[in-house]
Number of protein chains: 2
Amino acid sequence: MAQVATIVTLDILPDKDAEFRSIIEAMIADVRANEPDTLLYCLTRDAEGGRYRMLELYASADAAAAHGKRETIRARARLIGPCLATPVTIEKLEGIL
Amino acid sequence: MAQVATIVTLDILPDKDAEFRSIIEAMIADVRANEPDTLLYCLTRDAEGGRYRMLELYASADAAAAHGKRETIRARARLIGPCLATPVTIEKLEGIL
């Protein structure tokens, strides 16, 4: 089964940046400790320093699905909701090489 | 020094897909064999199966710059040129977490 990647774009309200950072930091630590098939899960930011981009790479579509079903991920995603200036955009990519 | 990531979007001419694939496959093999500070260098494709997206993660801005200066990378990038339907777009991202 091919790898799958996801690019998540997040516009965070200026006054919610610190709150977002603490949530996502805990989320990343949890994933890196508990999801061996999540090969990459990192927070980046575009050059203008505006939008955040999560780069995520999973060993398989099943691994991506398992990630999405974990309650700790869902709970933290709900916490991020009020920090958003615009809805999250999620681009799903098929791993080729 | 923080990690840096790059998302490269490539629209490939339909009749050049096989040619592109063979060039990028060699490019990826070269990078994985010779660039220990290139932490991720993988080819993905969007869900519609149209555009390719290279996801690249470098240990530092210096590592990204060193990658870009390698002659084998430049030579293969030149080979990809005629395969493109539209100019390549490159998004540079600052690694945060």
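Hi everyone, let's begin with the rings: over all chains, the structure holds two aromatic pairs. By pair I mean rings of Phe, Tyr or Trp (its six-membered ring) with centres within 6.5 Å; planes under 30 degrees apart count as stacked, over 60 as edge-to-face, and the rest as tilted. In chain A the partners are F20(A) and Y52(A), a tilted pair at 5.0 Å centre to centre with 45° between the planes. F20(A) sits in helix α1 (residues 17–34) of chain A and Y52(A) in strand β3 (residues 52–58) of chain A, so this pair ties together parts that are 32 residues apart in sequence. Helices (H or I, at least four residues) and strands (E, at least two) are DSSP runs, numbered from the N terminus.

A quick word on what we are looking at: this is a predicted model, where local features need pLDDT of at least 70, side-chain atom pairs count only at pLDDT 80 or more, and totals for chains, interfaces and linings use all residues. Residues are numbered from 1 along each chain as its sequence is written, chains are lettered from A and ligands numbered from 1 in the order in which they are written, and side-chain values use heavy atoms, leaving out hydrogens and water.

The cut-offs are under 20% relative accessible area for buried and over 50% for exposed, with partly exposed in between (1.4 Å probe, protein chains only). In chain B, the ring centres of F20(B) and Y52(B) are 5.0 Å apart with their planes at 45°, so that pair is tilted. Both F20(B) and Y52(B) are buried.

F20(B) brings us to its helix, α1(B). Its 18 residues should span 26 Å at 1.5 Å a residue, and the end C-alpha atoms are 25 Å apart, which agrees; the expected span is 1.5 Å times one less than the number of residues. Which residues of α1(B) are buried? They are F20(B), I23(B), I24(B), M27(B), I28(B), D30(B) and V31(B). Down the helix axis these buried residues fall within an arc of 160°, so they line one face of α1(B); the arc is taken over the directions from the helix axis to the C-beta atoms. On the other side, A18(B), R32(B) and A33(B) are exposed. Among the elements covering the buried residues of α1(B) are β1 (4–10), β2 (38–46) and β3 of chain B.

Now the cysteines. How many disulfides does the structure hold? Zero, over all chains, where a disulfide is a pair of cysteine sulfur atoms within 2.5 Å. For C83(A), the closest cysteine sulfur is in C42(A), 20 Å away and too far for a bond. C83(A) is also buried, with a relative accessible area of 0%. In chain B, the sulfur of C83(B) is 20 Å from its closest cysteine sulfur, in C42(B), again too far for a bond.

Finally, the two chains together. A rotation of 180° with 0.0 Å of shift along its axis superposes chain B on chain A, with an RMSD of 0.0 Å. That is the relation of a two-fold axis. The superposition is by least squares on the C-alpha atoms of residues with pLDDT of at least 70 in both copies. The same surface serves both copies, as 100% of the contact residues of chain B recur in chain A; contact means heavy atoms within 4.5 Å. One residue to look at is D46(A), in strand β2 (residues 38–46) of chain A. D46(A) counts as buried at 5% relative accessibility. Beyond its neighbours within four places in sequence, D46(A) is in contact with R51(A), E91(B), K92(B) and L93(B).
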